[in-house]
Amino acid sequence: MSETRRFAGEAAAIAALAAAKVPEAPIAAAANAARALANGADIVVTTERGKALPGPSGLVFVEGPGEVVRVTVSATARSLLGTPVGLGRRTIVATAMASRAGVAALTERTTAMPELPMVPSAIEARLFGATGALTVGERTMLGQATFRVADLVTELGHILAKRDGGTEADVAAVAEASFTPAELLTALASLYRDSARSSAEAAGILELLRRLAGSGAPDETTLPFSGVISLGGEGVDLTLASPLRPLEFIQAVMRARLAQGAISVELRSPTTGIDAVSLTMVSEKASAAVLIGGEDGVVGIPSIRIATRFIVSGLAIPGADALELPLEVTLSSGDARIRRIVCGPAGPEVAVTGRPVRASVAFAAETTASPAGASDYVRLLAAGGLTAWGKGRSSFAEDPPVDMVFRPGAGDTVASLRAPIDFSNRLERLATETQVLVSLEGNARGVMSEGGVRDEIARLIAGSVKPVDAVLSSIFATFGIVPGKMDVVAAGAACNTATLLGEVN
């Protein structure tokens, strides 16, 4: 009898899911699904449509118009009754409820071009290898072309099968796999192989992507594909995704790489007024740029921490002509989360909540270099008995998330997440509010007064705001980030799946 009870429960659940997926013919769908599991056993299947409402001890089914189906499966079990014959029959009944559910495709899309070409070139060379730096023209070309996510997943399936020596990998295997940046770029390049025979533009993209893939990256860190493109749910429909630009994909790969470990880059004279910059960038976790999935699925940009040290020359202090500005920039995550997918008669409706990237900048305090009793200061200058420390922080207040509703039709639906962020204004405020401590020892006491040193440091910090902003904004743009701005594309949605709501044996 326990076996019959287990069978009835499974049959009711499977039948309810099948009926919910086929709202135009739920009775037939439920019966076929349950009888396929019954394998010839005698069962009775009853299907009802209605709503599931909260009750005192769980969901309560109310028959009538609605998107919920309740399926009841009755099966007969044999049992020992203690009679002379010894065998009897008992009816086992199981009930399950399911509702039609949907999946949606979201894409994070931010258009940003770095102001200073040296900055992205250095970062790309660090990530992809010596020949991995893109020119301005190459970056533009990659930002104008498009490809289909479904085609990319197919190519990655070929790579996965070849690498693992198995049969052709399906979508689920690709979704859970990890790939090196070279493998991801090789798959992307393959998408332009056929069109390159007849198109000069496609041939240029193919050659460029092959160069990036074979440029000899300093490390072969594998990246979870889910940190670049997230494919969730059963039987995911790849055709729902919006066409993606190669540049967007490359930037998503770069962001995913930061989640696997910090990278450091040195810049020499990136712009007038800045002698050198050292950068260390890291992210706590990856965040997919493309999502095909259900409720609670997320796309966006992960939080990134950028530790920088700017060398700024031009001090009018005898014996000291340059200042160090150790700045730490924190980019909060910008994301869009599917809050709800409503499957109604008029088609799917996708409710999304999200917020754009926000930024904060502060002097990165070094406790070992700070003056006694002021551990939150950082050393800016040390030369010939003259030492100066500074501290300051500038950040944006957290805005509440923005709610959006998409009704994907024939074309893409785009919504923009915006916040009033002017990063250069934050830097100007940091420069204005910086607190400076000065120590003069020995011969330094006769060179300048403490007030004079403070004024000169404040002058140089204020004058460095624009070049520092140009460098930092170029770093953001290299990774496809603009603080305060993020576009979300909802290309498509489909109510092609179901969710089990309850099962009662």
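Helices (H or I, at least four residues) and strands (E, at least two) are DSSP runs, numbered from the N terminus. The structure is a predicted model, in which local features need pLDDT of at least 70 and side-chain atom pairs count only at pLDDT 80 or more, while totals for chains, interfaces and linings use all residues. Residues are numbered from 1 along each chain as its sequence is written, and side-chain values use heavy atoms, with hydrogens and water left out.

Six strands form an open sheet in the order E8-E9-E12-E13-E16-E19, with antiparallel pairing; two strands pair if DSSP finds at least two bridges between them. Strand E8 (263-271) and strand E19 (393-395) are the edges, each pairing on one side only. From one strand to the next, the twist averages 20°. Within this sheet, strand E12 (residues 304-317) and strand E13 (residues 320-331) are joined in the antiparallel sense over eleven bridges, and Phe310 has Leu325 in E13 as its bridge partner. Helix H12 (residues 465-478) lies across E8, E9, E12 and E13, running at about 160° to E12. Helix H9 also lies across E8, strand E9 (274-283) and E12, and runs at about 80° to E9.

A nonpolar core is a set of buried Ala, Val, Leu, Ile, Met, Phe, Trp, Tyr and Cys residues joined through side-chain atoms within 4.5 Å, where buried means under 20% relative accessible area, exposed over 50% and partly exposed in between (1.4 Å probe, protein chains only).

Helix H4 (residues 136-144) has Glu138, Arg139 and Leu142 as its buried residues. These three cover an arc of only 100° around the axis, which puts them on the same side of H4; the arc is that of the directions from the helix axis to the C-beta atoms. An α-helix has 3.6 residues a turn, so residues three or four places apart point the same way. The buried residues of H4 pack against helix H3 (118-128), helix H8 (200-213) and H9.

A search of the whole structure finds three aromatic pairs; rings of Phe, Tyr and Trp (its six-membered ring) pair if their centres lie within 6.5 Å, and planes under 30 degrees apart count as stacked, over 60 as edge-to-face and the rest as tilted. Phe147 and Phe249 have ring centres 6.0 Å apart and planes at 85°, so the pair is edge-to-face. This pair links distant parts of the chain, with Phe147 in the loop between H4 and helix H5 (149-164) and Phe249 in helix H9, 102 residues apart. Both Phe147 and Phe249 are buried. In the pair of Phe423 and Phe476, the centres are 5.3 Å apart and the planes at 80°, so this pair is edge-to-face. Phe423 lies in helix H10 (residues 423-433) and Phe476 in helix H12, so the pair ties together parts that are 53 residues apart in sequence.

Elsewhere, three bridges join strand E7 (residues 229-231) to E10, and the two run parallel; Ser230 has Leu291 in E10 as its bridge partner. From strand E10 (residues 290-293), Val290 and Ile292 point one way and Leu291 and Gly293 the other, and all are buried. Thr107, in strand E4 (residues 87-109), is buried with a relative accessible area of 1%. Val290 is among the residues that Thr107 touches, not counting those up to four places away in sequence.

Two backbone details deserve a look. Ser269, in strand E8, has a positive phi of about 50° although it is not a glycine. Asp296, in the loop between E10 and strand E11 (298-301), has a positive phi of about 80° and is not a glycine either. Ser269 is partly exposed, with a relative accessible area of 47%, whereas Asp296 counts as exposed at 54% relative accessibility.

Methods
Contact = heavy atoms within 4.5 Å. Axes fitted to C-alpha atoms, helices over the stretch in contact; angles between N-to-C directions.
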